[in-house]
Amino acid sequence: MVRFQRSARFKAGKALDAVKWAKEIAGFVSAKYPDTPVRVFTERYGAIGGIYWVADFPDVATMDEVISGLMADETYQDYLFR
């Protein structure tokens, strides 16, 4: 198994918007690749302001295939650059 994790920081006062946005992305990816559900986490302690996407893949080849597919997907790109 290979665990993929991506993170981002959100501005103070924008936590609700950031979590909504992160869940939309996770939902899109999970629907497109149902064998690879994406989970969203936020920091609870320390420097609050981080959000994380986590997905588990059976191997590196599968992870590369999914990531390559997402990088070529216009809808995914729209989510990233709102």
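The model is predicted: local features need pLDDT of at least 70, side-chain atom pairs count only at pLDDT 80 or more, and totals for chains, interfaces and linings use all residues. Residues are numbered from 1 along each chain as its sequence is written, and side-chain values use heavy atoms, with hydrogens and water left out. Helices (H or I, at least four residues) and strands (E, at least two) are DSSP runs, numbered from the N terminus.

**The nonpolar core**

- A nonpolar core is a set of buried Ala, Val, Leu, Ile, Met, Phe, Trp, Tyr and Cys residues joined through side-chain atoms within 4.5 Å.
- Buried means under 20% relative accessible area, exposed means over 50%, and partly exposed lies in between (1.4 Å probe, protein chains only).
- The largest such core here has 19 residues.
- Ile25, Phe28, Val29, Val38, Trp53, Leu70 and Tyr76 have the most contacts inside it.
- Two or more residues each come from α1 (15-32), β3 (50-57), α2 (60-71) and α3 (74-80).
- Helix α1 gives the largest share, 6 residues.
- Val29 touches Val38, Leu70 and Tyr76 (contact means heavy atoms within 4.5 Å), not counting residues up to four places away in sequence.

**Helix α2**

- Met63, Val66 and Leu70 are buried in α2.
- These three cover an arc of only 70° around the axis, so they sit on the same side of α2. The arc is that of the directions from the helix axis to the C-beta atoms.
- Ala61 and Glu65, on the other side of α2, are exposed.
- The buried residues of α2 pack against β1 (2-9), α1, β3 and α3.
- Asp59 caps the N-terminal end of α2, with a side-chain oxygen 3.3 Å from the backbone nitrogen of Ala61.

**Aromatic pairs**

- A pair of aromatic rings is described by the distance of the centres and the angle of the planes.
- Rings of Phe, Tyr and Trp (its six-membered ring) pair if their centres lie within 6.5 Å; planes under 30 degrees apart count as stacked, over 60 as edge-to-face and the rest as tilted.
- The whole structure holds 2 aromatic pairs.
- Trp21 and Trp53 have ring centres 5.5 Å apart and planes at 85°, so this pair is edge-to-face.
- Trp21 lies in helix α1 and Trp53 in strand β3, so the pair ties together parts 32 residues apart in sequence.
- Trp21 is partly exposed, at 24% relative accessibility, whereas Trp53 is buried, at 9%.
- Phe28 and Tyr79 have ring centres 5.5 Å apart and planes at 50°, so this pair is tilted.
- Phe28 in helix α1 and Tyr79 in helix α3 are 51 residues apart, so the pair links distant parts of the chain.
- Both Phe28 and Tyr79 are buried.

**The loop between α1 and β2**

- Thr36 sits in the loop between α1 and β2 (38-42).
- Thr36 is buried, at 5% relative accessibility.
- Beyond neighbours within four places in sequence, Thr36 contacts Ser30, Ala55, Asp56 and Phe57.
- Pro37 is in the loop between α1 and β2.
- Pro37 is partly exposed, at 49% relative accessibility.
- Pro37 and Ala55 are 18 residues apart along the chain, and their C-alpha atoms are separated by 6.2 Å.
- Leaving aside neighbours within four places in sequence, Pro37 contacts Ser30, Val54 and Ala55.

Conventions: A polar contact is a pair of N or O atoms within 3.5 Å; within protein, one must be able to donate a hydrogen and the other to accept it, and residues adjacent in sequence count only if both atoms are side-chain atoms.
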